[in-house]
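Here is a brief report on one protein chain.

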Amino acid sequence: MAETVTIKLRKPLRSPEGDVTRIILREPRYADYLTYGDPYTIAGTRDGANFMVESPEAIANYVRVCLVEPKDPAILEQGNAKLARDVKEAILGFFRPDDPASEDSATSPTNSPSEASGETASPTSRS
């Protein structure tokens, strides 16, 4: 079964079905990834420091297709910037390695989310 992330809301959002007290996002599927690509890439500076460059368009597409609850993505428009950041971090969390030190790859390194980004914080709970 696909992994999901639940974001509990401090202030409910309104929907035709009643108050929305949580947002549930499912893990992106194979076809989702082939359609929308990486939600971020890893870039480097001349002195060798790596940093993440997010793709707002890809992130928005993943939110739209991975939203389990509420059913209508327009309901999220009632939220504030903190909610948007929490949803974005949940989506990005699906693409970050759980443990970059132990992750083995059968392919050559590329500038993609499959590389260790060094960022792992997420205010969400996984189930």
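Tyr62 is buried, with a relative accessible area of 0%. The model is a predicted one.

**Aromatic cluster**

Tyr62 belongs to a cluster with Tyr33, Tyr36 and Phe95, linked by ring pairs. The structure holds three aromatic pairs. Two of them are tabulated here.

| Pair | Centre to centre | Angle between planes | Geometry |
|---|---|---|---|
| Tyr33 and Phe95 | 6.3 Å | 35° | tilted |
| Tyr62 and Phe95 | 5.0 Å | 55° | tilted |

Tyr33, in helix H1, and Phe95, in helix H3 (residues 81-95), are 62 residues apart.

How accessible are Phe95 and Tyr33? Phe95 has 16% relative accessibility, so it counts as buried, the cut-off being under 20%. Tyr33 has 35% and counts as partly exposed.

**Surface patch**

Tyr33 also takes part in a nonpolar surface patch with Tyr30 and Leu34. Together these residues have about 380 Å² of accessible area. Leu34 lies in helix H1 (residues 30-36). Its relative accessible area is 57%, so Leu34 is exposed.

**Whole chain**

The protein has three helices and six strands. From the N terminus on, their order is β-β-α-β-β-α-β-α-β. Of the 127 residues, 35% are buried. Among contacts between residues at least 6 apart in sequence, 62% join residues at least 24 apart. The accessible surface comes to about 8,300 Å², and carbon and sulfur atoms account for 50% of that.

Key:
Residues are numbered from 1 along each chain as its sequence is written. This is a predicted model: local features need pLDDT of at least 70, side-chain atom pairs count only at pLDDT 80 or more; totals for chains, interfaces and linings use all residues. Side-chain values use heavy atoms; hydrogens and water are left out. Patches are made of residues with over 30% relative accessible area and no salt bridge: like charges are joined within 9 Å, nonpolar side chains (Val, Leu, Ile, Met, Phe, Trp, Tyr) within 5 Å. Accessible areas come from the Shrake-Rupley method with a 1.4 Å probe; for residues, only the protein chains shown count as cover. A salt bridge is a side-chain nitrogen of Lys or Arg within 4 Å of a carboxyl oxygen of Asp or Glu. Helices (H or I, at least four residues) and strands (E, at least two) are DSSP runs, numbered from the N terminus. Buried means under 20% relative accessible area, exposed over 50%, partly exposed in between (1.4 Å probe, protein chains only). Contact means heavy atoms within 4.5 Å. Rings of Phe, Tyr and Trp (its six-membered ring) pair if their centres lie within 6.5 Å; planes under 30 degrees apart count as stacked, over 60 as edge-to-face and the rest as tilted.
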